[in-house]
Every structure is written in structure tokens, then in C-alpha cells.
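Here is a briefing on one protein chain. Please look over the sequence and the model before reading on.

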Amino acid sequence: AALGKALVLLQRIGLDVIQEEEQALTARAMLGMGRVAGVKIFGIANPASSTFVHKGGVIPFDLKGVVPHTVARQLAARGGIGVRSGCHCAHLTVKRMLKIPPWAERLQGVILTVARRLELPGVVRASLGIENTEEDVDTMIHVLSGIARQPKGGPSKKKVQQQMDEFSEAAAQRVYR
């Protein structure tokens with residue numbers, strides 16, 4: 001029933017309208033992310049490319065020197081931004097993109113049997129859709145810029161908790177208005 005309702009909604013909006021909006025948001029995000037030091041976008045990375053018309057609202061990226069899981073946690077804590085991190089059920093593709101040699105992959109498997117909580121290489125994936133706004137994209141770019149500029153140790157747990165509290169309070173205020 002939910003799938004049927006979702007399809008009706010998509011038909012009412014129009015897939016062409018959805019694609020146009022998604023492409024505009026994706027272009028905005030890619031251009032902004034391209035200005036953040038250390039960000040590498042995988043796949044189609046230039047909205048001016050002739051292949052951009054085939055791109056959906058999914059942007060896999062990496063931030064040099066910061067573990068993808070840390071980037072995801074920081075985006076959530078500092079801006080309420082939900083992204084995914086890791087290999088996204090595409091381990092072979094991600095490992096090829098990151099140029100991880102077979103011997104390193106085997107070593108990771110051995111290490112994981114001993115240290116299960118180890119954070120392995122991967123990418124961060126931002127996904128944009130009809131529920132997102134230009135403000136959402138700008139917030140993501142702003143927060144990502146802050147993560148890129150922070151010292152390697154990152155913010156203290158107290159600072160992160162304070163940011164989360166401030167974000168939660170601001171979100172609650174928007175809901176109750």
C-alpha cells in the first residue's frame with residue numbers, strides 16, 4: 001500500500017520535475033563540495049560534463065585525512081545531516097575506486113577477526129532527493145568545510161555534545177512554531 005501511494009505521489013509531481021530539481025541540487029552540492037579543501041568526488045564530478053544529465057542525486061566522496069565514518073558522524077552531530085559511510089554493499093567497486101590492493105584487502109579481513117570495531121576504508125555518500133532544499137545543500141557544504149578545517153584530533157566530546165544540544169534545541173523550536 002505504501003509503495004502504491006509513493007508511486008501515485010511521484011506521478012502527481014512528475015518524474016521530469018523531480019529529475020530537474022534533483023539535478024539542480026546535485027550540481028549545487030558538487031560545485032560547493034569542489035571548493036572544500038581535501039574533498040574528492042568519485043564518478044561524475046563536474047556539472048558541466050556532458051554526462052551529468054545521466055547523474056542521479058547520489059554523491060560519493062572522500063575527505064582527505066578523515067575516516068569516512070568520522071565525516072558521517074560529524075555531519076550528523078554538527079548539522080543534522082544524514083549521510084552513509086562505508087562500502088555501501090559495493091565493496092569491490094569502492095575498493096577499486098580507493099585503489100586498495102588485494103593484499104591490503106586480505107590483511108583487513110585478518111585484522112577484522114581480531115578487532116571487530118575497526119573502521120575500514122570507504123567513502124561517504126550524500127543522497128539528494130525531492131525532500132531536500134538548497135538550504136540543506138548549503139548547510140552540508142558549510143559543515144563539511146568546518147570538518148575539513150578542524151585539527152586532526154577533532155572537536156572534544158564536550159564540544160560535539162554542545163553542538164548536538166544546540167542543533168536539537170533549534171530543531172525543536174522550528175517544530176513548535
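Buried means under 20% relative accessible area, exposed over 50%, and partly exposed in between, with a 1.4 Å probe and protein chains only. Buried residues make up 33% of the 177 residues in the chain. The model is predicted: local features need pLDDT of at least 70, side-chain atom pairs count only at pLDDT 80 or more, and totals for chains, interfaces and linings use all residues. Residues are numbered from 1 along each chain as its sequence is written, and side-chain values use heavy atoms, without hydrogens or water.

**Overall fold**
- The chain has seven helices and four strands; helices (H or I, at least four residues) and strands (E, at least two) are DSSP runs, numbered from the N terminus.
- Along the sequence, the pattern is α-α-β-β-α-β-α-α-β-α-α.

**Helix α6**
- Helix α6 covers residues 134-149.
- Its buried residues include Val137, Met140, Ile141, Val143 and Leu144.
- Cover for the buried residues of α6 includes α2 (15-34), β1 (39-41), β2 (58-63), α3 (68-79) and β4 (123-127).

**Packing of α2 on α6**
- The axes of α2 and α6 come within 10 Å and cross at roughly 20 degrees; axes are lines fitted to C-alpha atoms, for helices over the stretch in contact, and angles run from 0 to 180 degrees between N-to-C directions.
- Leu25, Arg28, Ala29, Gly32 and Met33 of α2 make the contact with Glu134, Val137, Asp138, Met140, Ile141 and Leu144 of α6; contact means heavy atoms within 4.5 Å.

Terms used
Expected span 1.5 Å × (residues − 1).
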